[in-house]
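Reader: I am new to this structure and would like to learn how to read it. Please show me the model, then take its features in turn.

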Amino acid sequence: MNITLNTNKFNTYSNNSNKRQQIPTFPNYREQIPTFGGLGNMANVTGTIPKKSGLFKNIKKGYNKGIDFIAKYFTAPLVDSKPINLMAEKFKNSKYLFNHLLAVGSAITSGMYMYKTLKMPEKKPEDRDRKKTLALNQFLTFALSTAGAYLIDSKLGNWWDRQTAKFAGLRLNDENLAKEFVETNEAIRANNKLTIETNKGKVSKKDLKLLLDDTEPVKEFVKTRNNFKSMLPKQKRALLNQIEGMGLLKTMIVFGAVYRYFVPVLVTPIANKIGEKYLNRKKEANAAQIQQNQQQTQKAA
């Protein structure tokens, strides 16, 4: 039996020679490569590339002009006005400052809509009443939405603080943080309730407020924990920013849900009914006044 160590010809010289004979030569390759015959052919190639449409460029330019117009002639005068400056001075240290800023932004938007509505041209005599109805509905929608947003945000405050405390406890690997945070604030509320009952009718409301303790914010409570004290300064700042961001997130969710969902679904129909009732009563009062004037004129005649 004959045994051969090389049963194939993949690496043999003869096989490689055969393969080299099958490979096209360099001139054949050049014949397959497209060539450009100067600028004439280049023009044909570039001519097939579609030109960029200027439609969106004009839309963007118009949008920017509109934003600049609103900022210059409406937003800037409103922000620089005395009422806004007084309000900013009063609420600059308020813990509800972010809520107030969202409400002011909504007031600017609603005020612009009301102004544009009242300035609409009147083609028919009844258009004046329609404009007033629409402007009143816009005002009531803003007022009810803002009041609802503040109410829901305040009602969710204690629950959200507990969730924030749980978040901080996980970040600090402190299992008892959330529980002790709740217990601390419950003790403060119980003590305040006892203080109110004890001093009711004995001191003024202003002096009574001075006797009450504020509940412990999550941010300040976290600073008292040993795990927080052992963190690096950069880690401390990051955690405190995250805790503060949790409060802002809650407010954004509440105001966004109220203005974007509850307004069109719940608030707008209520505002429409209130506006219609108000204007109908006003029309009835005007009609009664006109009738009374006519009767007085007839008697005098």
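Author: Start with burial: a residue is buried under 20% relative accessible area, exposed over 50%, and partly exposed in between, with a 1.4 Å probe and protein chains only. By that rule Lys-250 is buried, and Asp-153 is buried too. The model is predicted, so local features need pLDDT of at least 70 and side-chain atom pairs count only at pLDDT 80 or more, while totals for chains, interfaces and linings use all residues. Residues are numbered from 1 along each chain as its sequence is written, and side-chain values use heavy atoms, with hydrogens and water left out.

Reader: What does Lys-250 form with Asp-153?

Author: A salt bridge is a side-chain nitrogen of Lys or Arg within 4 Å of a carboxyl oxygen of Asp or Glu. Lys-250 and Asp-153 form one, with their closest N and O atoms 3.2 Å apart. This pair links distant parts of the chain, since Lys-250 lies in helix α13 and Asp-153 in helix α7, 97 residues apart. Helices (H or I, at least four residues) and strands (E, at least two) are DSSP runs, numbered from the N terminus.

Reader: How many salt bridges does a search of the whole structure find?

Author: The search finds six. One of them joins Arg-225 to Glu-180, with the closest N and O atoms 2.6 Å apart. Here too distant parts of the chain are linked: Arg-225 is in the loop between α11 and α12 (226–229), and Glu-180 is in helix α9, 45 residues apart. Arg-225 is buried because its relative accessible area is 12%, whereas Glu-180, at 31%, counts as partly exposed. Asp-174 belongs with Glu-180 and Arg-225 in a network of salt bridges.

Reader: Where do Glu-220 and Lys-223 lie?

Author: Both are in helix α11, three residues apart, which is about one turn of the helix. Glu-220 is partly exposed, with a relative accessible area of 35%, and Lys-223 is partly exposed at 34%.

Reader: How is a pocket read, and which residues lie nearest the centre of the largest pocket?

Author: On a 1 Å grid over the protein atoms alone, a pocket is an open set of points with protein on both sides within 12 Å along at least five of seven lines, whereas a cavity is a set where a 1.4 Å probe fits but cannot get out; lining residues have an atom within 4 Å of a point. The largest pocket has 29 lining residues, and Lys-95, Asp-161, Pro-217, Gly-247 and Lys-250 lie nearest its centre. Helix α13 gives the largest share of that lining, seven residues. Its volume is about 1,000 Å³, a volume being the space filled by probe spheres set on grid points joined across faces, edges and corners.

Reader: How many residues line the second largest pocket?

Author: There are 13, with Ser-106, Thr-109, Ser-110, Tyr-259 and Arg-260 nearest the centre. Elements giving two or more residues to this lining are α6, α7 and α13. The largest share, five residues, comes from α6. The second largest pocket holds about 370 Å³ of space.
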